[in-house]
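Student: I have a new structure to look at and would like to go through it with you. Could you show it to me?
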Amino acid sequence: MRMAKLNIGWRMWWLIHYPYGCIEQTVSSVFPQLYLKNFIKSRQETDQKIDKNINAAIKRLLTFQLPSGAFSYWPGGKNPSIWGTNYAGHFLAEAKKLGYHVPADLFDNWLRFEKSRALTTRDGLMERTYRVYLLAEAGDPQLGPMNLLRENSLKDMTDPEKWMLAEAYKLAGVNNTAEQIAGSAGFTTRNYNEFSGTYGSGLRDKAIILEALVVLERWPEATRIYKEITEALSTDSWYSTQTTGYALLALGKYIRANQGEFGDESAVLAGTITLPDGQKVEFDTNSLKFSKEITSGFGDSVTVSLNNKTTLKQAFAVLEWDGIPLIPDVQAVSRNLAVSVDWTDDDGLPIDPTDLPQGTTFWAHYTVSKTTGINASLDNLALVQVLPAGWEIENTRLSGEGMPEWMRKWRISQAEYTDIRDDRIMWFFNMPQNNNKMDFVVKLNTVTVGEFILPPTIFEAMYDNSYKAVLPGKKVTVHMRAK
């Protein structure tokens, strides 16, 4: 690899395989792929597969779009997600610019909404400034709203907002104003995590600054911010999908625009990788990196040596890993949130789910709550249960079946969005300040005889890892029903 401390592959895989599917997470999973193809390409991830991911995301955005042209937070939603609309439009504009097919109606309807919304002041400064930058990026700058922001709100803007406004003027061709605003902007970002709103954080805002510095071609400052972001992403720290996606996007734009930072693009990287079993793998490339998948010999040594064909001045070796444990080794967690589950038969009586006969119908009752002292409103929470392979969900939404009478003792909550798949159920919801407890139920059946693993139950805030509760998984058995 040509670049030091660019240990970001696992961040990309985390985004690609992220299990939720709101507008923000749908975009974050593919947006960096536009600019970081060379870092995720392997035998498994070819250009064609990456293009397939991007095209699938563009198609999926159709399920979020409202008649107004805005995008809802969940597919089929009724209300616009303002930041989600901006972010999705940003992705569409960049994808279109790079030659991907973006349906005209999808893009034009988004553009119509944004131009209309730019004439109002109902949104926050971050959303409004992002919007005028995106309209300029899409080739349709709105100087009236831009001037309104500059004349009335510049003094109230944070540094990331100032940089976005500066790049909007730059893209609109008003270079003197762009330079004036950039001259008043610093590099300060506050340390925060938003549950909703712009889903922002300090690192996400730093990425916004880097993206603007690339547009404004301020390379010394851009290089410094680039290094700060790469160092942050190369640690084990948790970051949300918004932070990770925007940070990787900004890094990709910097790398694409400033290849000279990493030496001659035609320079050769050549040598040999000696695997744990002694097998030698030769490489000779002028790409940004060479990757080799290792599937055995874990814990043993791997040697990388360069030969005299290498013309790079320096190169770096990075070891990344991913996988799924055969048996989950997950400990109980309760950080500001709590979750419990009760298992009952079809008559409401308690049962032991670890050993059930085939053909059993039963219920899981989940109770989620804020822990003592947490009285704030919490947005964008997720409750997730992946099922053992021997169980299946009976979707009462499709059957129209009502809840049994004996459930009246519980106050069953309605999620903002429920995602039921073959192997899991996921509820997404908010907990208002005056609501500290919620209940959810799902009807289940045992279908396949055997021994299986019930994965952990997870209850978490999607954009703040300090709010999370986990119940460890367990072994379960489905035995043959006695004849």
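Student: Is Phe-459 buried or exposed?
Tutor: Phe-459 counts as buried because its relative accessibility is 0%; buried means under 20% relative accessible area, exposed over 50% and partly exposed in between, with a 1.4 Å probe and protein chains only. Please note that this is a predicted model, in which local features need pLDDT of at least 70 and side-chain atom pairs count only at pLDDT 80 or more, while totals for chains, interfaces and linings use all residues. Residues are numbered from 1 along each chain as its sequence is written, and side-chain values use heavy atoms, with hydrogens and water left out.

Student: How many of the residues count as buried, as a percentage?
Tutor: Of the 483 residues in the chain, 50% count as buried.

Student: And how many helices and strands are there?
Tutor: The chain has 14 helices and 16 strands. These are DSSP runs numbered from the N terminus, with helices (H or I) of at least four residues and strands (E) of at least two.

Student: How many aromatic pairs are there?
Tutor: The count comes to 29 aromatic pairs. Rings of Phe, Tyr and Trp (its six-membered ring) pair if their centres lie within 6.5 Å; planes under 30 degrees apart count as stacked, over 60 as edge-to-face and the rest as tilted. One of the pairs is Tyr-18 with Tyr-20, which is edge-to-face at 5.1 Å centre to centre and 80° between the planes. Tyr-18 is buried at 14% relative accessibility, and Tyr-20 is buried at 7%.

Student: What about Phe-429 and Phe-459?
Tutor: Phe-429 and Phe-459 form a stacked pair, 5.9 Å centre to centre with 20° between the planes. This pair links distant parts of the chain, since Phe-429 is in strand 11 and Phe-459 in strand 14 (residues 457-461), 30 residues apart. Phe-429 is buried as well, at 2% relative accessibility.

Student: Which residues form the aromatic cluster?
Tutor: One aromatic cluster is formed by Trp-14, Tyr-18, Tyr-20, Tyr-73, Trp-74, Tyr-199, Tyr-417, Phe-428 and Tyr-463.

Student: Let us change topic. Where is Gln-385?
Tutor: Gln-385 is in strand 8 (residues 378-386), and it is buried with a relative accessible area of 0%. The C-alpha atoms of Gln-385 and Phe-459 are separated by 9.0 Å, although these residues are 74 apart along the chain.

Student: What does the side chain of Gln-385 reach?
Tutor: The side chain of Gln-385 reaches the backbone oxygen of Pro-455 at 3.2 Å. A polar contact of 3.1 Å also joins the side chains of Gln-385 and Tyr-366. A polar contact is a pair of N or O atoms within 3.5 Å; within protein, one must be able to donate a hydrogen and the other to accept it, and residues adjacent in sequence count only if both atoms are side-chain atoms.

Student: Which residues does Arg-424 touch?
Tutor: Not counting residues up to four places away in sequence, Arg-424 touches Pro-19, Gln-385, Val-386, Leu-387, Ile-393 and Asp-419, where contact means heavy atoms within 4.5 Å. Arg-424 is found in strand 11 (residues 424-431), and its side chain makes a polar contact with the side chain of Asp-423 at 3.0 Å.

Student: How many contacts join residues at least 24 apart, as a percentage?
Tutor: Among contacts between residues at least 6 apart in sequence, 72% join residues at least 24 apart.
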